[in-house]
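Trainee: I am new to this structure and would like a close look at a single part. Please take one pair of packed elements and describe how the two meet.

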Amino acid sequence: MAISDRVLRYLESRKNLTGSAAGLAGLALTFTGLAGAYWPVVVAGLYGAGALIAPPERPPAPDFPDPAEELDELRENFATLRTYLAEVDLPPAAAGRLTELDGVLEALLDPSSVADVLAKDPEAVHALSRAVRQDVPEAVDAFVRTRWWSRVAPGSEPPERHLERQLTALHREMTAIAGALRDAEERRQEAHTIVTEERQDRL
């Protein structure tokens, strides 16, 4: 940070503003004759005291994106991922696993169903984002690259086997998230039922 910027920040700081106000009070004492011959010391002392008692500067809180906006961006990423996957030739077993995973991801990202519940669960949003933006594309891309090498120099385990295992694990993770969101909705519904019935009993 340049020196001029530091000076400007200090001039606008609470310490300087509070110290200046106290210093002005010292000048007022000087004009009334109460400060006497030591008025420079009085003004400087009041300025220093004011700067010391001033509340510390508070940095602005970070402005993170709204969960709903993040989900909108994630839906766009999911559409991009689907376009990419449509161009990849996968073996039947892996393609079936991917279709199952795609169905769960589509349901979780459906704006008309669980969007409100999902937006309140940052860990679920993070896991979903990681699956769409990292796990699925990396798994498929690694399969495509490894498949080419396996044709040149066959390895011990077919690359499609790894892809199937990865997609299976991701499907389990996304299904668990969907189950947790469903449970949260059920608990919310049950709580509302209890509140409604208790209110009716008081009538």
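Mentor: Helix H4 passes helix H5 in a left-handed crossing, a term for the near helix being turned anticlockwise from the far one by less than a right angle. This is a predicted model, in which local features need pLDDT of at least 70 and side-chain atom pairs count only at pLDDT 80 or more, while totals for chains, interfaces and linings use all residues. Residues are numbered from 1 along each chain as its sequence is written, and side-chain values use heavy atoms, with hydrogens and water left out.

Two packed helices are described by the angle between their axes and the distance between the axes. Here H4 covers residues 67-86 and H5 residues 92-108; their axes come within 12 Å and cross at roughly 165°. The axes are lines fitted to C-alpha atoms over the stretch in contact, with angles from 0 to 180 degrees between N-to-C directions. H4 is therefore roughly antiparallel to H5, the word for angles over 145 degrees.

On the H4 side, Phe78, Arg82 and Leu85 make the contact, and Leu98, Asp102, Leu105 and Glu106 do so on H5; contact means heavy atoms within 4.5 Å. By type, four of these residues are nonpolar, none polar and three charged; Leu and Phe count as nonpolar, Asp, Glu and Arg as charged.

As for the setting, the chain has eight helices and zero strands, where a helix is a DSSP run (H or I) of at least four residues and a strand (E) one of at least two. Of its 203 residues, 26% count as buried, meaning under 20% relative accessible area with a 1.4 Å probe.

Conventions:
Angles under 35 degrees count as roughly parallel, over 145 as roughly antiparallel, 65 to 115 as roughly perpendicular and the rest as oblique. Buried means under 20% relative accessible area, exposed over 50%, partly exposed in between (1.4 Å probe, protein chains only).
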